[in-house]
2 protein chains.
Amino acid sequence: MKLSNGVEWALHSCVTLSQSREPVPAARLAELHGTPPAYLAKHLQALSRAGIVHSTAGQVGGYELTRPAAQISVLEVVRAIDGGEPAYRCTEIRQRGPLALPAERCERPCAIARAMAAAEDAWADALRQVTIADLAARIDADSEGTAMAAVSRWLTAAR
Amino acid sequence: MKLSNGVEWALHSCVTLSQSREPVPAARLAELHGTPPAYLAKHLQALSRAGIVHSTAGQVGGYELTRPAAQISVLEVVRAIDGGEPAYRCTEIRQRGPLALPAERCERPCAIARAMAAAEDAWADALRQVTIADLAARIDADSEGTAMAAVSRWLTAAR
DNA sequence: ACAACTCCGACAAAAGATGTCCGAGTTGGA
DNA sequence: TCCAACTCGGACATCTTTTGTCGGAGTTGT
């Protein structure tokens with residue numbers, strides 16, 4: 001079970017975007033994070049499709065959050081990048097082989113699938129309760145209140 | 001984020017093994033579950049390396065559980081197949097780019113990594129509380145007490 | 001001692017993720 | 001009104017991971 005690497009870049013990008021009210025180009029975000037520019041842009045497109053960020057073209061274009069950072073959960077970002085499909089998907093083993101069950105007795109999911117789904121629900125709930133604003137606040141607290149100000153300063157100064 | 005397909009086969013195999021006190025060959029399990037025999041054997045080897053099952057060679061050989069099914073958690077099986085590495089692993093973005101933090105201020109994990117790790121802990125806790133015996137009992141309950149008996153009967157009869 | 005059965009690690013094929021490129025559209029200025 | 005520069009967006013290679021397969025080594029019962 002491996003999570004796409006772009007999830008990390010997307011989360012950092014959202015935290016960065018929460019510190020700027022002007023649109024930020026993808027190339028600027030890539031420079032700040034030290035990532036391949038074109039590939040980061042690909043993931044930002046996924047965020048745009050999910051309705052998390054809004055893209056404006058043109059000379060002063062770029063990406064910006066569609067909502068306040070406190071209303072964007074980490075789960076939303078992860079789902080946008082990684083896709084909403086569950087990590088464990090049942091192949092319905094019980095309907096194959098010499099002891100195959102008839103399809104009419106398989107309306108409820110398999111007990112194994114239920115257990116795996118419950119675990120994934122717990123994982124999703126944990127991510128749903130954390131917002132982008134929370135992440136920004138925690139990162140700021142880790143650096144004693146200097147990190148977010150530095151990001152905001154760099155975003156406007158580099159223009 | 002995708003979980004290996006072999007996890008499902010391994011869990012079903014463990015439930016099946018819990019119903020037999022004699023060793024069961026990998027080919028027999030593959031026939032029962034309708035899976036590629038050689039590939040299932042590969043995953044059973046992983047379970048053997050993790051100390052969950054014990055393999056005996058020879059004419060009447062096969063796989064059997066090393067412990068009572070009530071003492072084997074689902075998490076153990078998942079970890080044995082999928083590997084214990086966390087799904088989200090931090091690339092330390094904060095140490096790259098123009099606003100890179102010095103390494104000595106990065107002893108604690110990044111706030112984003114902490115949030116993701118907490119979610120994975122919740123996922124692992126959910127799977128740790130379910131045992132192979134629980135799965136067998138639930139599958140049996142779903143089929144009104146006929147499934148496990150049928151498995152046990154098929155395992156001995158097909159010999 | 002033999003023969004048959006088992007597991008086990010090394011070898012290909014397929015899929016997904018990663019990374020890159022150029023075109024379409026839009027905006028600001030002349 | 002036109003132009004030029006900048007932006008995003010989807011289509012195109014490259015690469016790692018997963019999936020799947022095979023024959024060999026070892027062990028057990030006859």
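A salt bridge here is a side-chain nitrogen of Lys or Arg within 4 Å of a carboxyl oxygen of Asp or Glu. Keep that cut-off at hand for the tour, which goes through a predicted model.

**Stop 1: a pair across the two chains**

Select A:Arg114 and B:Asp142 and show their side chains. The closest N and O atoms of the two are 3.1 Å apart, so the pair counts as a salt bridge. Side chains of opposite charge can pair when their charged atoms come close. How many salt bridges does the rule find across the interface of chain A and chain B? There are 6. Over all chains, the structure holds 12.

**Stop 2: the interface around it**

Now select the residues of each chain that touch the other. The size of an interface is often given as the accessible area lost when the parts come together. For chain A and chain B, the buried area is about 4700 Å², with 66% of it on carbon and sulfur atoms. Polar contacts across this interface come to 8 residue pairs, both residues being at pLDDT 80 or more.

**Stop 3: along helix H5 of chain A**

Stay on H5(A) and select A:Asp125 and A:Arg128. Both residues lie in this helix, 3 residues apart, which is about one turn of the helix. Their side chains meet in a salt bridge, at 2.9 Å from N to O.

**Stop 4: the whole of chain A**

Chain A has 7 helices and 2 strands, and along the sequence they follow the pattern α-α-α-β-β-α-α-α-α. Along the principal axes, the C-alpha atoms of chain A fill a box of roughly 70 × 35 × 25 Å. The radius of gyration of chain A is 20 Å, whereas a compact globule of 159 residues would have one near 15 Å.

**Stop 5: the hairpin in chain A**

Select residues 53-56 and 62-65 of chain A. These are strands S1 and S2, and they pair in the antiparallel sense over 4 bridges. A:His54 has A:Glu64 in S2(A) as its bridge partner, and A:Ser55 stands opposite A:Tyr63 in S2(A). Between the two strands of the hairpin are 5 residues, and A:Gly58 in the turn has a positive phi of about 100 degrees.

**Stop 6: the hairpin in chain B**

Bring chain B back and select its residues 53-56 and 62-65. Strands S1 and S2 of chain B pair in the antiparallel sense over 4 bridges. One bridge to look at joins B:Val53 to its partner in S2(B), B:Leu65. This hairpin has 5 residues between the strands, and B:Gly58 takes a positive phi near 100 degrees.

Terms used. Residues numbered from 1 in each chain as written. Chains lettered and ligands numbered in written order. Heavy atoms only, no water. Buried area = accessible area lost by both parts, 1.4 Å probe. Polar contact = N/O pair within 3.5 Å; in protein donor to acceptor, adjacent residues only side chain to side chain. Pairing = 2+ DSSP bridges. Rg over C-alpha atoms; globule rule 2.2 N^0.38 Å.
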